[in-house]
Amino acid sequence: MDNDFDLDPSLIYVNHAAVAPWPVRTMRAVQAFAAENGRLGSRHYDRWMETEQKLKQALATLIHAKSSDEIALLKNTSEGLSIIAKGIQWQPGDNIVISNQEFPSNFIVWDALRSQGVELRIADISGEEPEQALIEQMDDNTRLLSISAVQYASGLRMDLHTLGEACRQRDILYCVDAIQQIGALDFDVQAIHADFAVADGHKWMLGPEGLALFYCKQSRLELLELQQFGWHMVDNLSDFSAMRQWKPATDARRFECGSPNMLATHTLLPSIELLLERGMHQVEQQVLDNIQFLINAFANRPEFTVLSPQQRNRHAGIVTIAHQSADHDVLYKQLVDSGVVCAPRGGGIRFSPHYYTPRDQLHTLVELVEKFT
């Protein structure tokens, strides 16, 4: 096992597409923060605020944003998508394009706009050209494309640059649900021309639930009408006496309405620092190598079907397999009882190893699947 982690050696943890374990340094940071709270309370709150800013800077570096001013810390991906959905001034007849493989978070928030006369267009991306299927749904009334960077069940990795170019050329807003890519593969908001990107920290970023990255391109900050208000989102958040003359912060903090989640902040920062120290290009290479190993292990066996794309440029950290005769509910239970942490998704069993997952554990995983089928 990688020295960065102290996982129970009896487990084969291949469920980072759901909830990830924390690195050793992250566990220690939480312990230290809890001890400080117990001994000193908020005596050093100024240091906590410095940690919050360090996290924003680290996240900006991780996704290649121009500045940490484009980063807000929210509760989860759904909150970020809701801020976008409620912040845009929609007109009857506007339409939004998404895919037919989205996690509920990236469907419900847009579907809820139908009552305002907004049409939701759902492209079938199961074919050979998923990006073209999305682009063909666009017309002069399309206001926004919202797409998952990597589809949660199939593991399909989208060509985000192609989609970003299509949106830029048509003056369409571009939102990426990046929860299944950030932390697993390199993610560059500038290269793909993203206007917005959202991702919880508890999957590939190896952090806690309850804290999410929200990226809003500087030029789009004023586009989103504010829907949440409080002391933390104002320009001068330390001057409580200036309440009657308040105005929104000029950076992405305008979307953070109230007190920050300092516990989660102290938890996520060391995990992001670990990824940055490792280097996302190296992390990406190891993640893709692990997935390729699993694909190779099952693809040439007629009794198995690899439900995920097999081309290296079409997958990230997810591979979903099915057996032609096995009961997948039974198979899943047998794997879990044997210490495999995975998930039933997309009509099969989903495995999602990270960069540090030992290769010998993946060999054992394949042997267990064979044994139970």
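Two strands pair if DSSP finds at least two bridges between them. Helices (H or I, at least four residues) and strands (E, at least two) are DSSP runs, numbered from the N terminus. The views below come from a predicted model, in which local features need pLDDT of at least 70 and side-chain atom pairs count only at pLDDT 80 or more, while totals for chains, interfaces and linings use all residues. Residues are numbered from 1 along each chain as its sequence is written, and side-chain values use heavy atoms, with hydrogens and water left out.

**View 1. Seven strands form an open sheet of mixed pairing.**
The strand order is S2-S8-S7-S6-S5-S3-S4. S2 and strand S4 (119-123) stand at the edges with a single partner strand each, so one side of each is left without a neighbour in the sheet. On average, neighbouring strands of this sheet are turned by 20° against each other, direction ignored; axes are lines fitted to C-alpha atoms, for helices over the stretch in contact, and angles run from 0 to 180 degrees between N-to-C directions.

**View 2. Strand S7 (residues 196-200) pairs with S6 and with S8.**
Strand S6 (residues 173-177) and S7 are parallel, with three bridges. Within this pairing, Cys175 stands opposite Phe196, and Asp177 has Val198 as its bridge partner. On the S8 side (residues 212-216), the pairing is antiparallel and has five bridges. Here Phe196 stands opposite Cys216, and Val198 is partnered by Phe214.

**View 3. The residues of S7 are buried on both faces.**
Is S7 mostly covered or mostly open? S7 is mostly covered, with five of its five residues buried, where buried means under 20% relative accessible area, exposed over 50%, and partly exposed in between (1.4 Å probe, protein chains only). In a regular strand the side chains alternate between the two faces of the sheet. In S7, Phe196, Val198 and Asp200 point one way, and Ala197 and Ala199 point the other way.

The bridge partner of Leu73 in S8 is Leu213.

**View 4. Helices H3 and H6 lie across strands of the sheet.**
Helix H3 (residues 77-87) lies across S2, strand S5 (142-148), S6, S7 and S8, and runs at about 160° to S7. Helix H6 (residues 160-170) lies across S5 and S6, at about 155° to S6.

**View 5. Phe187 is part of the largest nonpolar core.**
A nonpolar core is a set of buried Ala, Val, Leu, Ile, Met, Phe, Trp, Tyr and Cys residues joined through side-chain atoms within 4.5 Å. Of the 65 residues in the largest core, Ile63 and Phe187 touch the most other members. A second, separate core of 30 residues includes Leu74, Trp90, Val198 and Leu226. Leaving out residues up to four places away in sequence, the contacts (heavy atoms within 4.5 Å) of Phe187 include Leu62, Ile63, Leu160, Val176 and Ile192. His64 and Gln181 are also among the residues that Phe187 touches.

**View 6. Phe5, Tyr355 and Tyr356 form a cluster linked by ring pairs.**
Rings of Phe, Tyr and Trp (its six-membered ring) pair if their centres lie within 6.5 Å; planes under 30 degrees apart count as stacked, over 60 as edge-to-face and the rest as tilted. The whole structure holds ten aromatic pairs. One of them, Phe5 with Tyr355, is edge-to-face, at 6.4 Å centre to centre and 65° between the planes. This pair links distant parts of the chain, 350 residues apart: Phe5 is in the segment before strand S1 (12-13), and Tyr355 is in the loop between S13 and helix H10 (359-372). Phe5 counts as buried at 5% relative accessibility, and Tyr355 is buried with a relative accessible area of 3%. The rings of Phe5 and Tyr356 have centres 3.7 Å apart and planes at 15°, so this pair is stacked. Phe5 and Tyr356 are 351 residues apart. Tyr356 counts as buried at 4% relative accessibility.

**View 7. Four strands form a separate listing of antiparallel pairing in the order S9-S10-S13-S12.**
This sheet is open. Its edge strands are S9 (304-306) and S12 (343-345), each pairing on one side only. Neighbouring strands are turned by 35° against each other on average, direction ignored. S12 and strand S13 (residues 348-351) run antiparallel and are joined by three bridges, with Ile349 in S13 as the bridge partner of Pro344.
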